[in-house]
Amino acid sequence: MKVTETPPAVPAPRSPVSKTNAPVGGPAKSSEGKVLNVFSHGVLIIWAVLVIMPLLWAVMSSFKTDDSILSTPWSLPDTLHFENWSRAWTQARMSDYFLNTIMVVGGSLISTLLLGSMAAYVLARFDFPGNRFIYFLFIGGMSFPIILALVPLFFVMNNMGLLNSIHGMILVYTAYSLPFTVFFLTSFFRTLPTSIAEAAMLDGASHTRTFFQVMLPMAKPGLISVGIFNFLGQWNQYMLPTVLNTDPKYKVLSQGLVELATSQGYRGDWSGLFAGLVMAMLPVLAAYIIFQRQVVAGLTAGALK
């Protein structure tokens, strides 16, 4: 008997994809994206102009004379009058205010980062009774208006003999910045891998050594980010030193600028005022420009991990 073989089935040729099968609304979505992109870039450009123009105008006015500031405020200075800066630095005592601000902000920033990182590490890595309660207490400290604490804080500082002192302002600035620091670093420490800390503990490292030599270096982006934010807030702080620091010998830059503006009277030393204003802005701008990448890395580290 002869067996007939069935020829293999030939696949039917595929019909070419017609243009009607294309996703509906593709060109429309693309045009909407372009419009949104142009709109967002336009808003960013307007915002950049609104921020940069006053800064450039202040720098430009710091090198001009008082007459040119009042007569032609938007023109470039004919010559660079560096005597405005020297006059503000010496006669307006900006050097003393600058030194006081560096001591207060430097001491409080170190204390805030040290104490805040230690508290955040414990709250993020260890489970104990009252952990969440303490964490929410720090969050509650962020929502508490500082103006409501000025009167009791004044009497507490007075009873402790800390009014009109550098170390008293350091303690107040540290307490003022701790809630946000603990909140920020607690979320950051939770993103760090626990296997490295466990390996250090297995090698015989104590909790203190594991924190300072292993976990704290890994948290460097978060420390830099929260340090920049605290530096900006503490450097520009005006309400706390106005109430708690009335001694002219210990005044900070924000108080010095206000005193320079109000003590002019009818003299109108506008060039010296602008020079002092630029002096107060330069450290903040320099710190942000230098650590800009670290700030972005610290803010996005939690999302990337």
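Buried means under 20% relative accessible area, exposed over 50%, and partly exposed in between, with a 1.4 Å probe and protein chains only. The model is predicted, so local features need pLDDT of at least 70 and side-chain atom pairs count only at pLDDT 80 or more, while totals for chains, interfaces and linings use all residues. Residues are numbered from 1 along each chain as its sequence is written, and side-chain values use heavy atoms, with hydrogens and water left out.

**Stop 1: salt bridges**

Select K251 and E259. They form a salt bridge, with the closest N and O atoms 3.4 Å apart. (A salt bridge is a side-chain nitrogen of Lys or Arg within 4 Å of a carboxyl oxygen of Asp or Glu.) K251 is buried at 17% relative accessible area. E259 is partly exposed at 30%.

The structure holds two salt bridges. For the other, select R93 and D96, where the closest N and O atoms are also 3.4 Å apart. D96 is partly exposed at 34%, and R93 is partly exposed at 30%.

**Stop 2: helix α12**

Select residues 253–262, helix α12. Helices are DSSP runs (H or I, at least four residues), numbered from the N terminus. Which residues of α12 are buried? They are L253, S254, Q255, G256, L257 and L260. The buried residues of α12 pack against α4 (94–125), α10 (220–235), α11 (239–244) and α13 (270–290).

**Stop 3: the cores**

A nonpolar core is a set of buried Ala, Val, Leu, Ile, Met, Phe, Trp, Tyr and Cys residues joined through side-chain atoms within 4.5 Å. Select W85, M94, F231, W235 and L253. Of the 28 residues in the largest nonpolar core, these five touch the most other members. Helices α3 (83–90), α4, α10, α12 and α13 each supply at least two residues of this core. The largest share, nine residues, comes from α13.

Zoom in on W85. Leaving aside neighbours within four places in sequence, W85 is in contact (heavy atoms within 4.5 Å) with S62, F63, A275, V278, M279 and L282. Another core, of 15 residues, lies apart from the largest one; among its members are Y121, L192, F211 and L223.

**Stop 4: aromatic pairs**

Rings of Phe, Tyr and Trp (its six-membered ring) pair if their centres lie within 6.5 Å; planes under 30 degrees apart count as stacked, over 60 as edge-to-face and the rest as tilted. A search of the whole structure finds 16 aromatic pairs.

Select W57 and F274. This pair is edge-to-face, 5.1 Å centre to centre, with 80 degrees between the planes. W57 lies in helix α1 and F274 in helix α13, so the pair ties together parts that are 217 residues apart in sequence. W57 is partly exposed at 27%, whereas F274 is buried at 13%.

Next, select F180 and F184. Their ring centres are 6.0 Å apart and the planes are at 40 degrees, so the pair is tilted. Both residues lie in helix α7 (residues 166–191), four residues and about one helical turn apart. F180 is partly exposed at 27%; F184 is buried at 14%.

Then select Y121, F126, F189, F211 and F212, which form one aromatic cluster.

**Stop 5: helix α1**

Finish on I46, in helix α1 (residues 26–61). Is I46 buried or exposed? At 54% relative accessibility, I46 counts as exposed.
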